[in-house]
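Open the structure in your viewer and keep the selection tool at hand. Each stop below says what to select and what is there.

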Amino acid sequence: MSTQENVRIVKDFFAAMGGYNKQDLLALVVEDIEWIIPGEDWPLAGTHRGHAELAAVLQKASEEVEMTYPKPPEFVAQGDRVLVVGVATGKIKATNKPFKDDWVFAITVRNGKLTNIREYIDTQALARASQMDASGLA
């Protein structure tokens, strides 16, 4: 696959994720997809493998996090690697605390499908927004 085709596939993945079209999403990734979301103390952190875990983390994201993207991400590609650079703002629903997250997704595409996603995110900002105060309230 060409670099341009890999970028198109990643753009299609982001479009399917934005509209949460589960069928389109799963068609764009390998069965044993690995998505690594770093950090602790926030709802989406962890290593998610396979179609079921991918669907579960995206469902959890829609239930627990509100996010907007103030500007379109930038796509940078070389060979089978596509970097997606962007910023998200939003809040953790359980705490109602806002965050701003500058992020990079490092994505590997092989044979027309995403095989690996590694996020580089502001884990501190997300953990801080997820933290309950001493009374258990936001």
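The model you are looking at is predicted.

Keep arginine 110 selected and show its surroundings. Which residues does arginine 110 contact, leaving aside its neighbours within four places in sequence? They are Asp80 and Thr115.

In sequence, aspartate 80 and arginine 110 are 30 residues apart, while their C-alpha atoms are 6.3 Å apart in space. Now display the side chains of both residues. The side chain of arginine 110 makes a polar contact with that of aspartate 80, at 3.2 Å.

Threonine 115 has a relative accessible area of 18%; the cut-off for buried is under 20%, so threonine 115 is buried. Leaving aside neighbours within four places in sequence, threonine 115 touches Val30, Asp32, Ile33, Glu34, Thr108 and Arg110. Arg110, where the tour began, is one of these contacts.

Now select helix α4, residues 123–130. Colour Ala125, Leu126, Ala127, Ala129 and Ser130, which are buried residues in this helix. What do the buried residues of α4 pack against? Show strands β5 and β6, and you have the elements they pack against.

Stay with strand β5, residues 81–92, and pick out leucine 83 within it. Leucine 83 counts as partly exposed because its relative accessibility is 33%.

For the last stop, select helix α3, residues 50–64. Helix α3 has 15 residues. From its first C-alpha to its last, α3 reaches 21 Å, close to the 21 Å expected at 1.5 Å a residue. Which residues of α3 are buried? Colour Gly50, His51, Leu54, Ala55, Val57, Leu58 and Ala61 to see them. Then show what covers them: the cover includes helices α1 (3–18) and α2 (22–27), along with strands β1 (29–37), β2 (46–49) and β3 (65–68).

Technical notes: Residues are numbered from 1 along each chain as its sequence is written. This is a predicted model: local features need pLDDT of at least 70, side-chain atom pairs count only at pLDDT 80 or more; totals for chains, interfaces and linings use all residues. Side-chain values use heavy atoms; hydrogens and water are left out. Helices (H or I, at least four residues) and strands (E, at least two) are DSSP runs, numbered from the N terminus. Buried means under 20% relative accessible area, exposed over 50%, partly exposed in between (1.4 Å probe, protein chains only). The expected span of a helix is 1.5 Å times one less than its number of residues. Contact means heavy atoms within 4.5 Å. A polar contact is a pair of N or O atoms within 3.5 Å; within protein, one must be able to donate a hydrogen and the other to accept it, and residues adjacent in sequence count only if both atoms are side-chain atoms.
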